[in-house]
Amino acid sequence: MAVNPTNDAASTTGAPSNKGRGERRERRDDREKEKSPYTERVVFINRVSKVVKGGRRFSFTALVVVGDQNGTVGVGYGKSKEVPQAIAKAVEEAKKSFFVVPRVQGTIPHPVQGETAAGVVLLRPASPGTGVIAGGPVRAVLECAGVHDVLTKSLGSSNAINMVHATVAALKMLESPAQIAARRGRPLEDVAPAAIIRASQMTVGV
C-alpha cells in the first residue's frame, strides 16, 4: 500500500498549536514575577464620585502595602479613574516611603503603641510559633514587613486607612537593643536581657 507523502507533510508541518504560545506566555509571566522582589498587598479600594455640571464623575482610590518580607515596608495611596492605575500609583508611592523595621527572631523588640488620627494600634512581642494575631489591615503591614510573631490590638477607629497608618507609626517607633544602648550611653548588657541580646546577634548573623 502506497503512502501519500502529501498527507505526511501536512501532518508534520501543520499549523502551530497553541501549546507553544501558552508556554511563552507562562515564561514571560515568570520573568515578570522574578523582576519584583517585593510583596504587594491591596488593603482597601474605594470608589469616589465628584458631582459636576454634566453629572457624576467616578474614580477609584487604592491603599497598598509593599514590602520585601525582610524588614522593609512602605504604604502608598493612589487615585485614578481605573482600578489598575490607582493600584500602580499606590505601589509607586509606597516604594518611595520605605523604612526599616527592627526585628528580633521574627518579632518586634518591645511593646509599642502607634496613633494616627483616630486610629490607635498596640503591638506586643510574641514567642516563636504564635503567628500574626491581627486584623486584615494591620496583618498586611506586618506580613509585608517580615514580622512573623506578634500580638496586636486596635484601640481606636476601625477605618482601614487609619489602622494602616497607625501600624506604620508604631513600627517607626521601634528601636533595636543596640540603638537604645547607644542613645542611653550604656553597655548593651545593661539595657537588654541576655536572651534578647543573643537573639539579636543571631538575627544579624542570618
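Biologist: Which residues in α4 are buried?

Modeller: Happy to start there, and please keep in mind that this is a predicted model. In α4, 7 of the 10 residues are buried, so the helix is largely enclosed by the rest of the structure. The buried ones are Pro-137, Val-138, Ala-140, Val-141, Leu-142, Cys-144 and Ala-145.

Biologist: Leaving aside neighbours within four places in sequence, which residues is Leu-142 in contact with?

Modeller: Leu-142 is one of the buried residues of α4. Setting aside its neighbours within four places in sequence, its contacts are Leu-123, Val-132, Ala-134, Val-147, Val-150, Thr-152, Thr-167 and Leu-171.

Biologist: Which element gives the most residues to the largest nonpolar core?

Modeller: This core has 26 residues, and among those touching the most other members are Val-65, Leu-142 and Leu-171. Two or more residues come from each of β2 (55-67), β3 (72-80), β6 (119-125), α4 (136-145) and α5 (160-172). The element that gives the most, with 6 residues, is α5.

Biologist: How many residues are in the second, separate core?

Modeller: Ala-62, Val-64, Ala-90 and Val-91 are included in this second core. Its number of residues is 7.

Biologist: How far apart in space are Phe-99 and Leu-171, C-alpha to C-alpha?

Modeller: Not counting residues up to four places away in sequence, Phe-99 touches Gly-71, Thr-72, Val-73, Val-168, Leu-171 and Lys-172. Along the sequence, Phe-99 and Leu-171 are 72 residues apart. In space, their C-alpha to C-alpha distance is 9.2 Å.

Biologist: Which residue has its charged end over the ring of Phe-99?

Modeller: One of the residues that Phe-99 touches is the one you want. Its charged end sits 5.2 Å from the centre of the Phe-99 ring, and the residue is Lys-172.

Biologist: What is the angle between the planes of Tyr-38 and Phe-98?

Modeller: A search of the whole structure finds 1 aromatic pair, and Tyr-38 and Phe-98 form it, 5.1 Å centre to centre. Planes under 30 degrees apart would count as stacked and those over 60 as edge-to-face. This pair is tilted, and the angle is 40°.

Biologist: Why does this pair tie together parts of the chain that are apart in sequence?

Modeller: Tyr-38 is partly exposed, with a relative accessible area of 31%, and Phe-98 is also partly exposed, at 26%. Tyr-38 lies in the loop between α2 (18-35) and β1 (39-52), while Phe-98 lies in the loop between α3 (83-96) and β4 (99-100). The pair therefore ties together parts whose separation in sequence is 60 residues.

Biologist: To finish, how many helices and strands does the protein chain have?

Modeller: Here is the chain as a whole: of its 206 residues, 33% count as buried. Among contacts between residues at least 6 apart in sequence, 56% join residues at least 24 apart. The secondary structure comes to 8 helices and 8 strands.

Technical notes. Residues are numbered from 1 along each chain as its sequence is written. This is a predicted model: local features need pLDDT of at least 70, side-chain atom pairs count only at pLDDT 80 or more; totals for chains, interfaces and linings use all residues. Side-chain values use heavy atoms; hydrogens and water are left out. Helices (H or I, at least four residues) and strands (E, at least two) are DSSP runs, numbered from the N terminus. Buried means under 20% relative accessible area, exposed over 50%, partly exposed in between (1.4 Å probe, protein chains only). Contact means heavy atoms within 4.5 Å. A nonpolar core is a set of buried Ala, Val, Leu, Ile, Met, Phe, Trp, Tyr and Cys residues joined through side-chain atoms within 4.5 Å. Rings of Phe, Tyr and Trp (its six-membered ring) pair if their centres lie within 6.5 Å; planes under 30 degrees apart count as stacked, over 60 as edge-to-face and the rest as tilted. A charge sits over a ring if NZ of Lys or CZ of Arg is within 6 Å of the ring centre and within 35 degrees of the ring normal.
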